[in-house]
Amino acid sequence: MNTENTRTESPESANAPEPPQPNTSTPPGGIENADAGDTGQQGGGGESGLTVLIAFCANLVIAVAKTIVSVLTGSASMLAEAAHSWADTGNQVFLMIGERRSRRAPDRSHPLGYGRAGYVWSMFAAIGLFAVGAGVSVWHGIQELGAESEETSYTWAYIVLAMAFVFEGVSFIQATRQAVRGAKKRGVKPLKYIQTTSDPMLRAVFSEDFCALLGVLIAAAGIALHQITGQAMWDAVGSILVGLLLGVVAVLLIKRNSDFLSGEGGSPLARHEILDRLVNHPDIEAVSFLHTEWVGANRLFIVASVDITGDARESELQTRIQAIEDELERHPVVMRAVLTLTRPGDTQRLGPEPLPDWYSAR
């Protein structure tokens with residue numbers, strides 16, 4: 001039914017004098033697995049917190065080892081790798097701060113919680129990767145292009161690079177396992193999940209570890225060519241290539257974090273399943289408007305306009321709408337749901353739409 005003067009216009013006036021507190025439970029899988037991740041944003045840190053911690057420990061050990069060996073060998077590629085590892089170590093600190101702050105409970109000043117803090121600190125980490133990791137590597141590589149080759153032992157360089165590959169591999173395996181589990185829940189491929197997930201911590205660790213593994217191989221190739229040919233140019237080229245790789249990854253991470261900070265909507269799967277629940281709800285006749293927005297990792301804010309069944313009085317309408325909002329908010333992925341009545345004369349009718357082809361694995 002359409003009833004004038006009963007539509008709520010904002011979260012602050014949503015159908016009841018005292019709106020319910022936003023959902024703060026730990027998501028087991030989202031709205032029927034629709035884009036809820038493996039992290040407990042309001043809980044004890046979840047799997048993303050563990051992933052970041054493992055990455056921090058691995059990068060710290062590697063950074064110290066690479067720095068020592070770069071001083072001993074004078075290798076430009078090794079120095080680039082050391083800068084990369086120190087940048088990654090600092091980035092993990094940013095990510096740990098962001099992960100912790102994003103789990104703060106909602107309060108009067110932040111009624112939708114602090115979930116977006118994760119995107120802010122992940123943005124800091126990406127900028128650090130670009131400025132420190134990419135900038136130092138490219139700058140030093142260019143400086144070394146015309147340098148004369150010096151006699152040095154590369155044994156320790158190869159040993160440290162091998163150690164770095166192992167440590168980075170351990171961290172990458174942890175991030176990959178988390179990505180694979182999340183991808184299976186949503187019926188997408190792991191790389192697509194990394195690209196689209198609302199969890200900035202997982203995307204940052206996965207991307208940086210993958211980049212680090214490629215960087216180790218590039219550095220090893222540059223050192224080997226330097227050793228074989230006696231030309232320091234190859235070592236410098238390796239440093240530049242590592243820097244360019246870091247720069248590309250950093251720009252991609254900056255873009256994704258900016259997308260979420262500027263209000264990216266819920267995934268097609270999340271929107272599909274929310275609409276399915278609303279359209280098939282016994283108290284809802286039709287849905288004319290739906291807005292979804294990520295307000296943190298695996299946290300959705302929902303606004304919808306609906307037509308309620310029957311011919312109820314205004315007081316009963318408010319009670320029924322509030323009950324539907326409460327039902328939606330019981331799903332761990334929904335931070336807050338706000339329903340309003342469809343405007344009189346609005347003929348728009350929404351329903352679940354076919355999912356994109358990249359959900360074909362479902």
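Reply: Gladly. A contact is a pairing of heavy atoms within 4.5 Å. Of the contacts in the protein with a separation of 6 or more, 78% are between residues 24 or more positions apart. The model is predicted, so local features need pLDDT of at least 70 and side-chain atom pairs count only at pLDDT 80 or more, while totals for chains, interfaces and linings use all residues. Residues are numbered from 1 along each chain as its sequence is written, and side-chain values use heavy atoms, with hydrogens and water left out.

Me: What pLDDT does the protein average, and where is confidence lowest and highest?
Reply: pLDDT is the predictor's confidence in each residue, from 0 to 100. The protein averages 83, and 85% of the residues score at least 70. Confidence is lowest in strand E2 (residues 34-35), with a mean of 45, and highest in strand E3 (residues 284-296), at 95. Residues 1-20 have a pLDDT below 50, and this stretch has 49 contacts in the model beyond near neighbours in sequence. The pLDDT also stays under 50 over residues 32-45, for which the model has 63 contacts beyond four places in sequence. Where pLDDT is low, the predicted coordinates should not be read in detail.

Me: What makes up the secondary structure of the protein?
Reply: Helices (H or I, at least four residues) and strands (E, at least two) are DSSP runs, numbered from the N terminus. The protein has nine helices and five strands. From the N terminus on, the elements run β-β-α-α-α-α-α-α-α-α-β-β-α-β.

Me: How do you know that the span of helix H4 agrees with its number of residues?
Reply: The expected span of a helix is 1.5 Å times one less than its number of residues. Helix H4 (residues 155-186) has 32 residues and should span 46 Å; its end C-alpha atoms are 46 Å apart, so the two agree. Gly 187 follows H4 and has a positive phi, near 75°.

Me: What does the comparison give for helix H6?
Reply: Helix H6 (residues 200-229) has 30 residues, which should span 44 Å, and its end C-alpha atoms are 43 Å apart, which agrees. At the start of H6, a side-chain oxygen of Asp 199 comes to within 3.1 Å of the backbone nitrogen of Met 201. Just after H6, Gly 230 takes a positive phi of about 75°.

Me: Why is Asn 59 called buried?
Reply: Buried means under 20% relative accessible area, exposed over 50%, and partly exposed in between (1.4 Å probe, protein chains only). Asn 59 has 0% relative accessibility, so Asn 59 counts as buried. This residue is found in helix H1. Leaving out residues up to four places away in sequence, Asn 59 touches Ser 85, Asp 88, Thr 89, Gln 92, Glu 168 and Asp 209.

Me: Why does Val 249 count as buried?
Reply: Val 249 has 13% relative accessibility and therefore counts as buried. Val 249 sits in helix H7 (residues 233-261). Beyond its neighbours within four places in sequence, Val 249 is in contact with Leu 129, Ser 207 and Cys 211. The C-alpha atoms of Val 249 and Ser 207 are separated by 7.0 Å, although these residues are 42 apart along the chain.

Me: How do you know that E3 and E4 pair, and in which sense do they run?
Reply: Two strands pair if DSSP finds at least two bridges between them. Ten bridges join E3 to E4, and the strands run antiparallel. One of the partners in E4 is Phe 301, which bridges to Glu 293. Every one of the ten residues of E4 (residues 299-308) is buried.

Me: What makes the link from E4 to E5 a right-handed crossover?
Reply: E4 and strand E5 (residues 334-341) pair in the parallel sense over seven bridges. From E4 the chain crosses through helix H9 (residues 314-329) to E5, and this β-α-β crossover is right-handed. The label applies if, with the strands pointing away from the viewer, the path from the first strand over the helix to the second runs clockwise.

Notes. Polar contact = N/O pair within 3.5 Å; in protein donor to acceptor, adjacent residues only side chain to side chain.
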